[in-house]
Amino acid sequence: TPVAAPADLSKLKRIKRELVAPPFVHEHEQVAPGDPRIVEFEMEIVEKEIEVDRGAYLQGMTFNGSIPGPMMVVHQDDYVELTLINPARNMLQHNVDFHAATGGLGGGALTLVNPGEKTVLRFKATRSGTFVYHCAPGGPMIPWHVAAGMVGTIMVLPREGLSDHKGRPVTYDRVYYIGENEFYIPKDEKGNYKRYADVGESYPDTEEVMNGLIPSHVVFNGAVGALTGDKALTAKVGEKVLFVHSQGNRDTRPHLIGGHGDLVWEHGKFSNVPDRDLETWFIRGGSAGAALYEFLQPGLYAYVNHNLIEAVNLGATAHVKVEGAWNNDLMEQVVAPTEMIS
Amino acid sequence: TPVAAPADLSKLKRIKRELVAPPFVHEHEQVAPGDPRIVEFEMEIVEKEIEVDRGAYLQGMTFNGSIPGPMMVVHQDDYVELTLINPARNMLQHNVDFHAATGGLGGGALTLVNPGEKTVLRFKATRSGTFVYHCAPGGPMIPWHVAAGMVGTIMVLPREGLSDHKGRPVTYDRVYYIGENEFYIPKDEKGNYKRYADVGESYPDTEEVMNGLIPSHVVFNGAVGALTGDKALTAKVGEKVLFVHSQGNRDTRPHLIGGHGDLVWEHGKFSNVPDRDLETWFIRGGSAGAALYEFLQPGLYAYVNHNLIEAVNLGATAHVKVEGAWNNDLMEQVVAPTEMIS
Amino acid sequence: TPVAAPADLSKLKRIKRELVAPPFVHEHEQVAPGDPRIVEFEMEIVEKEIEVDRGAYLQGMTFNGSIPGPMMVVHQDDYVELTLINPARNMLQHNVDFHAATGGLGGGALTLVNPGEKTVLRFKATRSGTFVYHCAPGGPMIPWHVAAGMVGTIMVLPREGLSDHKGRPVTYDRVYYIGENEFYIPKDEKGNYKRYADVGESYPDTEEVMNGLIPSHVVFNGAVGALTGDKALTAKVGEKVLFVHSQGNRDTRPHLIGGHGDLVWEHGKFSNVPDRDLETWFIRGGSAGAALYEFLQPGLYAYVNHNLIEAVNLGATAHVKVEGAWNNDLMEQVVAPTEMIS
Ligand SMILES: [Cu+2]
Ligand SMILES: [Cu+2]
Ligand SMILES: [Cu+2]
Ligand SMILES: [Cu+2]
Ligand SMILES: [Cu+2]
Ligand SMILES: [Cu+2]
Ligand SMILES: [Mg+2]
Ligand SMILES: [Mg+2]
Ligand SMILES: [Mg+2]
Ligand SMILES: [Mg+2]
Ligand SMILES: [Mg+2]
Ligand SMILES: [Mg+2]
Ligand SMILES: [Mg+2]
Ligand SMILES: [Mg+2]
Ligand SMILES: [Mg+2]
């Protein structure tokens, strides 16, 4: 491979974005405010034990301490410049593979950092859409690091913002990022989840469970109940909410109980015509998709992976609390449950 | 939530539809005959043991006694008014969540009926397409009731009927409703299927099998062989048949051996452009899709879930007997199987 | 069924194509050179033991000795005329079901050959796209023969060649055929893969593993490592490569690490508008899809099933070696991994 001259981007503006933990997303414009920029992000890799369900402990690996990693937002033709930090307290090598990037194994080939190292990668976001990023340090480390939580999403908005199925501009009032992960936590002979001293100790058993392809947990945002109760998402009747949903490894099928996908980019790529009126959509393992919904009724909604075993028993459920006025034209309880006279 | 005034629908016409057991569908017009109507349906919940394969007994739960529940047909902007009856002889609470409905957990929040109760729900069918309905009584009851058979489909036709990829009107000569369900029937230590006294007794073992995510049976219309032999579907060369296919929980991939999908609404939503010429299509768990095919050759067709293990060994096969004249231009046996001279 | 007169195709030109082993594809024109032709192919069925991973032996069944079977290429409205040979040294009956064909179980009803027999089938390729063909000899033989390797693909090109999302002509510089298969190799009590004297002896154990739906191996082109190292695919920066990907039984989700799908026919049917910019696409079990990508950066790419456990641990990884000049505008290592001063 010939050596390439460094790109001269000295005339481009730079902007630094502070990443925030999911389901929230850092401040951003929906329509690009001007010419392409270099957008700077910084992420630190954190290895840590996480209680993903009561009594079930994952030897987790994370971007910035959260599962999933934070969502980045840029516009098409912006340059993403990421500083990736692997603190000395970690045990393992890590890197990052951006599905939005071109070449170099998505950046994975250029960002492999040992504990105590950092690196800076820049790539041009030439295609719009929601794209997964994840750790991919080589060989069996790849599925293991992903199954340990090292997956996030970047959303590359078209410079002019989103468009509907007729090409008309569309905006969202809120955006939530829901990262679905499945875990493979080993059990002992009695059927109890095993707990490990560190990530290294957990590897052989975890690998064995992984190779059976059946997860012990399927969760949103890193743990059973991470987006329910006090941590439920919120919205108001009349608001358009963009739900970005990623899965780094295993297929899933999001569904909003009592709602729909008004405009769904199932593959997540905004140059394609969105599907309308969907009850359930499909996220291919290793991708992120986006669904826009305008809430029309108040109440508590459940947003689930509609394999209902995975949703309810294994953990893949979020809640959305929606305020506003009920519309009896759309739905009415004509006769409440009443005892029948037999 | 503010209290809403009841909707005044007193000027709308009402029509009552008698539901019929799948794969058949109640009488209906493809193009709406006039203004939106209130369409009345009644369903009774039936808990009962079902032999889903020789010697394999499911503690089933059903809408109207069939798995899947009956298909309802209305037109976009019609109002669906369902009377849901839970007879006193049943053991459990049930409800109904319509993916076609807006708010109130699809109606699930307003229809939870104890044994001996009934309720009436009305919702407006604002979006066209095929949509799953299912029982969703809360917590682990949700996947269990669905896996026990409580899933059906409503088809909301555009008022002007279906259209092809160019927006031209399309009609069907027959419609069949194929509901795919997977069951998780526990085995004893010898590997024989266990049989239970009642639905309650079956719960703990069934839950355990369910959480392993691997079904014991994958069937069309409630049992192995429910749509083969004497119960095969029928059609004639030159007829256009609409196959509506639902799966309430687990993904599937319908395929018609020797045929195709001429127009396929994989997500089932008729406002989207249908795909053409498909060999195999994909139904996301928790959705219903539709495929239109004009038969061009006579013979016995198999309609399968093209995970062929699920189709043949676990049960997901239907047959379609098609009458008409063979067309040697499309296919010809040039040389019948013959011994080679070596 | 009335008896049909044989079709008179005596005025059509004939051309004989020599099949080649995947990932390569026999010589062909992208735009049809004239009127529809009869395209002749010959395939021999080979039963043989195959080492699919170190120490893991499959009692394989193959079309022409390769897994997957060779890819055939014709144009829409051409006639495919296949001579299918089952040599006397084989143990089992076989046939072929073409998803591209109409009627007769895709030809399966007309081609069932015993060891020592041959047959000739002709069908008209009325629909464009990539379509699976596979053995389907009836009952539990169907999933078993497919899971033993008897799957291939035919690509039916539009007569005018491929078109993009705006209907503009598109050509490819190279085409590779990647057939993904999953195997279900039984283990003994110690967890070691069992080896069998012949295909018949392997049947009962294999059937039992198959019915659990969890494969032991998921591979491209018949074995772990069949498309890596010396056998990696090759391309050059600026070349457009068409990747045709089949899976005869089980869903998969191809992804090119560091690349994209510029134009993806996920269902594989060319009359539909291709999706753009995809990170990952989805092949329904029992179908073949196609993705076109113009390589923009040099390097070693991995092409994977993005269930990374299946890709890395179970085998579904290929490599693509791409030559050319690196483009620092698309990606640049701004700061190589460096020790941090703490
Ligand atoms: Cu890592
Ligand atoms: Cu990836
Ligand atoms: Cu119920
Ligand atoms: Cu549902
Ligand atoms: Cu065979
Ligand atoms: Cu097939
Ligand atoms: Mg690229
Ligand atoms: Mg709605
Ligand atoms: Mg699309
Ligand atoms: Mg749990
Ligand atoms: Mg579509
Ligand atoms: Mg059976
Ligand atoms: Mg056909
Ligand atoms: Mg398409
Ligand atoms: Mg291996």
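Is A:Tyr293 buried or exposed? A:Tyr293 is buried, with a relative accessible area of 1% (buried, under 20%; exposed, over 50%; partly exposed in between; 1.4 Å probe, protein chains only).

The model is predicted, so local features need pLDDT of at least 70 and side-chain atom pairs pLDDT 80 or more, while totals for chains, interfaces and linings use all residues. Residues are numbered from 1 along each chain as written, chains are lettered from A and ligands numbered from 1 in written order, and side-chain values use heavy atoms, without hydrogens and water.

**Figure 1. The magnesium ion (ligand 8) and its protein donors.** A:His260 (ND1) and A:Tyr293 (OH) lie 2.4 to 2.6 Å from the ion. Donors are N, O and S atoms within 2.8 Å of the metal (3.2 Å for Na, K and Ca); water is not among the atoms, so sites may look incomplete. A:His260 belongs to the loop between β16 (254-256) and β17 (261-265) of chain A, and A:Tyr293 to strand β19 (residues 287-294), so the pair ties together parts 33 residues apart in sequence. Strands (E, at least two residues) are DSSP runs, numbered from the N terminus. A:His260 is also buried, at 1%.

**Figure 2. The three-fold axis relating chain A to chain B.** In chain A, the C-alpha nearest the axis belongs to A:Ile214, 5.0 Å away.

Conventions: Helix = DSSP H or I, 4+ residues; strand = E, 2+ residues; numbered from the N terminus. Least-squares fit on C-alpha atoms with pLDDT ≥ 70 in both.
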